[in-house]
Amino acid sequence: MKAYILAGALPALTAAHGHVQGVIADGKWYQGWNAAFKYNSPIPTTVGWQADNLDNGFVSPDAFGKVDIVCHKSAKSNGAYVSVKPGSKVTFLWDTWPVSHKGPVIDYIASCGASCDTASPASLLFTKLDQGAWISGNDPGAWVTDDLVKNNVSWTTTIPSNLAPGNYVIRHEIIALHAAGQTNGAQAYPQCVNFKVEGSGGVALSGGVPATSFYKASDPGILFNLYTKFTGYTIPGPALGKFVKREEREHMRDFMQ
Ligand SMILES: *[C@@H]1O[C@H](CO)[C@@H](O)[C@H](O)[C@H]1NC(C)=O
Ligand SMILES: [Cu+2]
């Protein structure tokens, strides 16, 4: 009976798609956002931003210029953060991911300023932290999403070793391309997660851009047919950030003078 009521309360929760159920950093597990938490009172705090995303759904290219692309639909920070140090390894654990949904996996990072809980998604300025996409073959070929599925449905990134301490949000994203051969067919699945970077010194982020400027529906990596004999793939979005080590920057400056 209980199971029936739960299923009835969540009619659109699709099992086939996934969500970031948790984050592991420095060996510690943190609770991610889960659409079912919308029905809890009070809603538990999570390191993952909450969103109106009851179907574990996606953001379409026709909304890539709108605020929903930042941290998903009607997203807001949800009260908790992951504690890390510069150089910490961070693993995003999805609960499941369909192998058919091949495409790029991209992480971006933005400073929240005083607090991520009061940051508005539209004002976050993101720098691309890491990315992966096509590996080999075609029609449809091997993609990093295949590795993500094999690797405990997870993706690991590293906090830049020279990052200044502070409050940050990492926007972790899969873009599924199985329907991207048609206009408006790509599917972006962003999940924002809050971090507090400890330490001292380091370099502040600069040159970030709002997520609403990342992608256009006509970008070669967004309007892309997986089911052809392609020989390459252009990962969409801005160039990777240059997380140059502080010593290297100082050395470069000495060299330039
Ligand atoms: C694999 O995923 C499960 C579920 O998310 C998680 O509890 C576990 O810690 C993960 N294992 C590793 C080695 O990360
Ligand atoms: Cu799907």
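Reader: Are Lys102 and Asp146 buried or exposed?

Author: The model is a predicted one. Lys102 and Asp146 form a salt bridge. A residue counts as buried under 20% relative accessible area. For both Lys102 and Asp146 the class is buried.

Reader: How far apart are the closest N and O atoms of Lys102 and Asp146?

Author: A salt bridge needs a side-chain nitrogen of Lys or Arg within 4 Å of a carboxyl oxygen of Asp or Glu. Lys102 and Asp146 form such a bridge, and their closest N and O atoms are apart by 2.8 Å.

Reader: Which parts does the pair of Lys102 and Asp146 tie together, and how many residues apart in sequence are they?

Author: Lys102 and Asp146 are joined by a salt bridge. Lys102 belongs to the loop between S4 and S5 and Asp146 to helix H3 (residues 144–150), so the pair ties together parts whose separation in sequence is 44 residues.

Reader: What is the N to O distance in the salt bridge of Lys85 and Asp26?

Author: By the 4 Å rule the count of salt bridges comes to 5. One of them joins the side chains of Lys85 and Asp26, with an N to O distance of 3.4 Å.

Reader: Where do Lys85 and Asp26 lie, and how many residues apart in sequence are the parts they tie together?

Author: The side chains of Lys85 and Asp26 meet in a salt bridge. Lys85 is in the loop between strand S3 (82–84) and S4, while Asp26 is in the loop between S1 and strand S2 (28–31), so the parts tied together are apart in sequence by 59 residues.

Reader: Which side chain does the side chain of Ser88 make a polar contact with?

Author: Ser88 is in the loop between S3 and S4. Its relative accessible area is 4%, so Ser88 is buried. At 2.8 Å, the side chain of Ser88 makes a polar contact with that of Asp26.

Reader: Are Arg171 and Glu173 buried or exposed?

Author: The side chains of Arg171 and Glu173 meet in a salt bridge with an N to O distance of 2.8 Å. Arg171 has 0% relative accessibility, so Arg171 counts as buried. Glu173 has a relative accessible area of 0%, so Glu173 too is buried.

Reader: Which residues are the protein donors of the copper ion?

Author: The copper ion is ligand 2, and donor atoms must lie within 2.8 Å of it. Two NE2 atoms lie 2.0 Å from the copper ion, and they belong to His17 and His101.

Reader: How many residues apart in sequence are the parts that His17 and His101 tie together?

Author: His17 and His101 are protein donors of the copper ion. His17 sits in the loop between helix H1 (2–9) and strand S1 (20–25), and His101 in the loop between strand S4 (89–94) and strand S5 (105–113), so the separation of the parts in sequence is 84 residues. Both histidines, His17 and His101, are buried.

Reader: How much of the accessible area of ligand 1 does the protein cover?

Author: Ligand 1 is surrounded by Gln21, Ile24, Leu93 and Asn152. On its own, ligand 1 has 360 Å² of accessible area, of which the protein covers 45%.

Reader: What distances separate an oxygen atom of ligand 1 from an N or O atom in the side chains of Gln21 and Asn152?

Author: The shell around ligand 1 has 2 nonpolar, 2 polar and no charged residues. For the side chain of Gln21, the distance from an oxygen atom of ligand 1 to an N or O atom is 2.9 Å. For the side chain of Asn152, the corresponding value is 2.5 Å.

Reader: Where is Pro140, which has a cis peptide bond from Asp139, placed?

Author: The peptide bond from Asp139 to Pro140 has omega near 0° and is cis. Pro140 is placed in the loop between strand S7 (134–136) and strand S8 (142–143).

How values were computed
Residues numbered from 1 in each chain as written. Chains lettered and ligands numbered in written order. Predicted model: local features only at pLDDT ≥ 70, side-chain atom pairs only at ≥ 80, totals over all residues. Heavy atoms only, no water. Near = heavy atom within 4 Å. Polar contact = N/O pair within 3.5 Å; in protein donor to acceptor, adjacent residues only side chain to side chain. Areas by Shrake-Rupley, 256 points an atom, 1.4 Å probe, with all protein chains shown as cover. Nonpolar A, V, L, I, M, F, W, Y, C, P; charged D, E, K, R; others polar. Donors = N, O, S within 2.8 Å, 3.2 Å for Na, K, Ca; no water. Helix = DSSP H or I, 4+ residues; strand = E, 2+ residues; numbered from the N terminus. Buried < 20%, exposed > 50% of the residue type's maximum accessible area, 1.4 Å probe, protein only.
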